Amino acid sequence: MKRLGSVQRKMPCVFVTEVKEEPSAKREHQPFKVLATETISHKALDADIYSAIPTEKVDGTCCYVTTYKDQPYLWARLDRKPNKQAEKRFKNFLHSKENPKEFFWNVEEDFKPAPECWIPAKEIEQINGNPVPDENGHIPGWVPVEKNNKQYCWHSSVVNYEFEIALVLKHHPDDSGLLEISAVPLSDLLEQTLELIGTNINGNPYGLGSKKHPLHLLIPHGAFQVRNLPSLKHNDLLSWFEGCKEGKIEGIVWHCSDGCLIKTCLFDFSQVHRHHLGLCWPIPDTYMNSKPVIINMNLNKCDSTFDIREPGGQRSKGASLCQEIST
């Protein structure tokens, strides 16, 4: 499968959405839901959604690989957020206006200071050299994952800067029905975005590892192409997510031919999730967990770097991701 788009900005939904005055099933104390209508958005149509490549939306935290200290480095997602005064102004504005893009931000004064090494995400709008906050009042960006930074210890567990490698999960190159965990050179991942999943990420929806034996992996965005997707109709997609084995995923990201990324409206207004179709997430027995997995390592180089074992101490060779690698 060819390398697909890098996620550097908020992705629009494939359907037009509407707000329903009903308690959210996803967020406690949120008195409304954001649901998909049956109308495909103009942005999706303009991006030629019908010719796009659908891929699985993986539930983790977004990462980025780019150069730092003259070598390939893993970067963690860190959004700059407004200070209390600016946030209060923004919320008051939202209550009185419909379009958050009309709000005036003073980026230099309204936002909390970022770490010196912070960089804004690519493709976000800029005015006079300053990044423009998104509709939630955040400025998406990245910080390098330093080896001894406790805040990003789970990010650190999937990289080794001495060997310049990362622990990556993707399809086996010769068998799309088989998953493979391997140590990939960070140089091969340069300028890509990836999803970090595992024991201590987002409630661990894939059931990986355990408190005693945590397990974390990186998945390149676009790595899991969705096969046999139904027509791009609200009811057909709903039936597919509810009734098909392949539909036991968090959502879908369409990679368009012009590099544009369109996610299905299966999350909420800031992300994409099954909740936009009134479906639950997480769910038991995800599609990812149903696939067998092998570990392909150069053990002479990586044995002490990434120690992945079954509960009995034997190395996993061909069992399912959930059953044999989790402990």
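I began at Trp 240, which counts as buried at 4% relative accessibility; for burial I took under 20% relative accessible area as buried, over 50% as exposed and anything in between as partly exposed, with a 1.4 Å probe and protein chains only. This is a predicted model, in which local features need pLDDT of at least 70 and side-chain atom pairs count only at pLDDT 80 or more, while totals for chains, interfaces and linings use all residues. Residues are numbered from 1 along each chain as its sequence is written, and side-chain values use heavy atoms, with hydrogens and water left out.

**Overall make-up**

I listed seven helices and 18 strands in the protein chain, where helices (H or I, at least four residues) and strands (E, at least two) are DSSP runs numbered from the N terminus. Of the 327 residues in the protein chain, 49% are buried. I then looked up contacts, meaning heavy atoms within 4.5 Å, and found that among those between residues at least 6 apart in sequence, 63% join residues at least 24 apart.

**Nonpolar cores**

For a nonpolar core I used a set of buried Ala, Val, Leu, Ile, Met, Phe, Trp, Tyr and Cys residues joined through side-chain atoms within 4.5 Å. The largest one has 54 residues, and those with the most contacts inside it are Leu 74, Leu 169, Ile 197, Leu 218 and Met 288. Among the elements that each supply at least two residues of this core are S4, S5, H2 and strand S11 (165–172), and S4 gives the most, with five residues.

Not counting residues up to four places away in sequence, Leu 186 touches Val 65, Pro 72, Val 159, Tyr 161, Glu 164, Ile 165 and Ala 166. The C-alpha atoms of Leu 186 and Tyr 161 are separated by 8.6 Å, although the two residues are 25 apart along the chain.

**Aromatic rings**

A search of the whole structure gave me eleven aromatic pairs; rings of Phe, Tyr and Trp (its six-membered ring) pair if their centres lie within 6.5 Å, and planes under 30 degrees apart count as stacked, over 60 as edge-to-face and the rest as tilted. One of these is the edge-to-face pair of Phe 90 and Phe 103, with 5.2 Å centre to centre and 70° between the planes. That pair links distant parts of the chain, 13 residues apart, with Phe 90 in helix H2 (residues 84–96) and Phe 103 in the loop between H2 and helix H3 (107–110). Phe 90 is buried at 5% relative accessibility, and Phe 103 is buried with a relative accessible area of 10%. Returning to Trp 240, I found its ring centre 5.0 Å from that of Phe 241 and the planes at 80°, so this pair is edge-to-face; Phe 241 is buried, with a relative accessible area of 2%. Ring pairs also link Phe 90, Phe 93, Phe 103, Trp 105 and Phe 111 into a cluster.

**Backbone exceptions**

Most residues other than glycine have a negative phi, and most peptide bonds are trans, and I looked for departures from both. The peptide bond from Trp 281 to Pro 282 is cis, with omega near 5°, and Pro 282 has its place in the loop between strand S16 (261–263) and strand S17 (292–296). Asp 70 has a positive phi, near 65°, in the loop between strand S4 (61–68) and strand S5 (71–77), and is exposed with a relative accessible area of 79%. Asn 128 also has a positive phi, near 55°; its place is in the loop between strand S7 (126–127) and strand S8 (130–131), and its relative accessible area of 78% makes it exposed.
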